[in-house]
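Please look at the sequence and the model first.

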Protein chains: 2
Amino acid sequence: MSKLLAVGTVAFDAIETPFGKTDKILGGSGTFVGLAASKFGVNIGIVSVVGGDFPQSYLDMMNDNGINTDGIEIIKEGKTFFWSGKYHNDMNSRDTLITELNVLEHFKPIVPEAYKNSKIVMLGNLHPLTQASVLDQMTETPKLVVLDTMNFWMDIALDDLHQVLKRVDVITINDEEARQLSGEYSLVNAAKKIHAMGPKYVVIKKGEHGALLFSESGMFYAPALPLAEVFDPTGAGDTFAGGFCGYLAKTENISFENMKNAIIYGSNLASFCVEKFGTQRMEELKNGEVEERLRAFKELTQFDIVS
Amino acid sequence: MSKLLAVGTVAFDAIETPFGKTDKILGGSGTFVGLAASKFGVNIGIVSVVGGDFPQSYLDMMNDNGINTDGIEIIKEGKTFFWSGKYHNDMNSRDTLITELNVLEHFKPIVPEAYKNSKIVMLGNLHPLTQASVLDQMTETPKLVVLDTMNFWMDIALDDLHQVLKRVDVITINDEEARQLSGEYSLVNAAKKIHAMGPKYVVIKKGEHGALLFSESGMFYAPALPLAEVFDPTGAGDTFAGGFCGYLAKTENISFENMKNAIIYGSNLASFCVEKFGTQRMEELKNGEVEERLRAFKELTQFDIVS
């Protein structure tokens, strides 16, 4: 069991979908990564920042799920990061209604002593310099550094992104972002160019179309499980990443073969995340349900051709 | 080895892609279905119509590939169906530049005597009444009827489409068309509604995102093989359908389990089709290449989780 450190946002979300809307509920990339990884019973610490308005009950829930929250700084006089968005009828696109950075604006992650020797580090979607500052604090070189990013950082901080990518083993990114970062339309060629920037593994997230994992010599595809109802897609990508890291931390095996299993588990957990608003489904999720859904993934993908 | 009958277009295409452009070359859904199915060494007959301008050499090529062309009517005083299109840089969308129906406008398919007892019938993308007229000519009820259609027929001949669907076992359709036909956004729910219209199996083609096969109780996913270069997507969907039918005809097994293999083979053959303009790659394709690519599909999709 490897120690896992994840840096990311812990936030309030207000979400509107064709199925309903919420008031401010718990959200944030660090929250979803933590909840997903916690399903593997690993030692996971979250590094983030919240304001004085952040309820203790949310921290208690995370602790109850085995998530160490010592690295979540509380700025009493500040307000927690708040995002509000509205999904379109197709659930694949959304409009951001409100983004209040609040305490996130001057976020300087501080890694707790106990997590400075974490074997796996997940750098959530933040400014590349913020991501780099987490690596700078590690006292031992992690076995695996996973980085998530987005087009916004390519637009405003591309040089910084290139610098931190040199220190990264796995990048998770969506298909359009992979094309933007590489200048290549074909995802095969995009992955090749991104390998050359540093990451030996490239995970391309395609939402309802699944995810592709590229190593320098192989590729693997994990479908998204087709669902009758997608209730709220918020956090699905972070849940995917948390499941990926959590599985690798549990199995202590970062081979390409085991990464295949890790993205299947990531896709598995993400398929639950979207079934209810916010973190609700992930909070109530039982291990038995995950194993049952693993069978559904096998039925969906495994074939036996005798040629 | 089951006898296979395919009705579809045999046509001239003129294609422009970011990689180049062609003069009038051989195209048409029937052509691509036939070439794909012929890779399985099955007895396949094509029913179509061409004009006096259609070169004998194209018919010779089909015959050399084991395709029976007795059902391709030649209207000496007419001109062959001609389609011209230009693909955008992303290769996923295209503009139709020219559509000259010519002899296709009054196409009345005539099934040759020798194919009226075919076990598998593939109804290419034509007017639903034209598709129905093929089934009317069969002297024995086929074991499996596969129908391809598109949004155009839903717009102008929906009632006729519903009538023929009652006689169909497998429908192949793209994701947007499945949503249009069913009125459901979720593909799981769309497939359920389409099952109720007749087809026990629904194959949803998602282009570069692969294909989904739904039975009334199960689902299976065949990815498209990620390629470094997609040269010309024309005919990929028909090649997929031809591979699907050809494999089922060869193995004489129309169980859901075997249909899984069939869509993997369909996706396999389609991945070759796009590598060169028109039918070129399919004409030169060797069985050894197909088997080698099958290994690539296994590496792409197969995992072994010990939980």
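Which residues does T172(B) touch, not counting residues up to four places away in sequence? T172(B) touches V146(B), L147(B), D148(B), T149(B), V203(B) and K205(B), where contact means heavy atoms within 4.5 Å.

This is a predicted model, in which local features need pLDDT of at least 70, side-chain atom pairs count only at pLDDT 80 or more, and totals for chains, interfaces and linings use all residues. Residues are numbered from 1 along each chain as its sequence is written, chains are lettered from A and ligands numbered from 1 in the order in which they are written, and side-chain values use heavy atoms, with hydrogens and water left out.

T172(B) lies in strand β11 (residues 170–174) of chain B, and R281(B) lies in helix α10 (residues 280–284) of that chain. Helices (H or I, at least four residues) and strands (E, at least two) are DSSP runs, numbered from the N terminus. With neighbours within four places in sequence left aside, R281(B) is in contact with F272(B), C273(B), E275(B), K276(B) and E289(B).

The table lists one side-chain polar contact for each residue. A polar contact is a pair of N or O atoms within 3.5 Å; within protein, one must be able to donate a hydrogen and the other to accept it, and residues adjacent in sequence count only if both atoms are side-chain atoms.

| Residue | Partner | Distance |
|---|---|---|
| T172(B) | D148(B) | 2.8 Å |
| R281(B) | E275(B) | 2.9 Å |

T172(B) is buried, with a relative accessible area of 2%. R281(B) is also buried, at 10%. Buried means under 20% relative accessible area, exposed over 50%, partly exposed in between (1.4 Å probe, protein chains only).

C245(A) is in no disulfide, and the nearest cysteine sulfur, that of C273(A), is 15 Å away. That distance is too far for a bond. C245(A) counts as buried because its relative accessibility is 0%, and C273(A) counts as buried at 0% too.

**Nonpolar core**

The largest nonpolar core has 216 residues. Such a core is a set of buried Ala, Val, Leu, Ile, Met, Phe, Trp, Tyr and Cys residues joined through side-chain atoms within 4.5 Å. The residues with the most contacts inside it are L181(A), F244(A), L181(B) and F244(B).

How values were computed. A disulfide is a pair of cysteine sulfur atoms within 2.5 Å.
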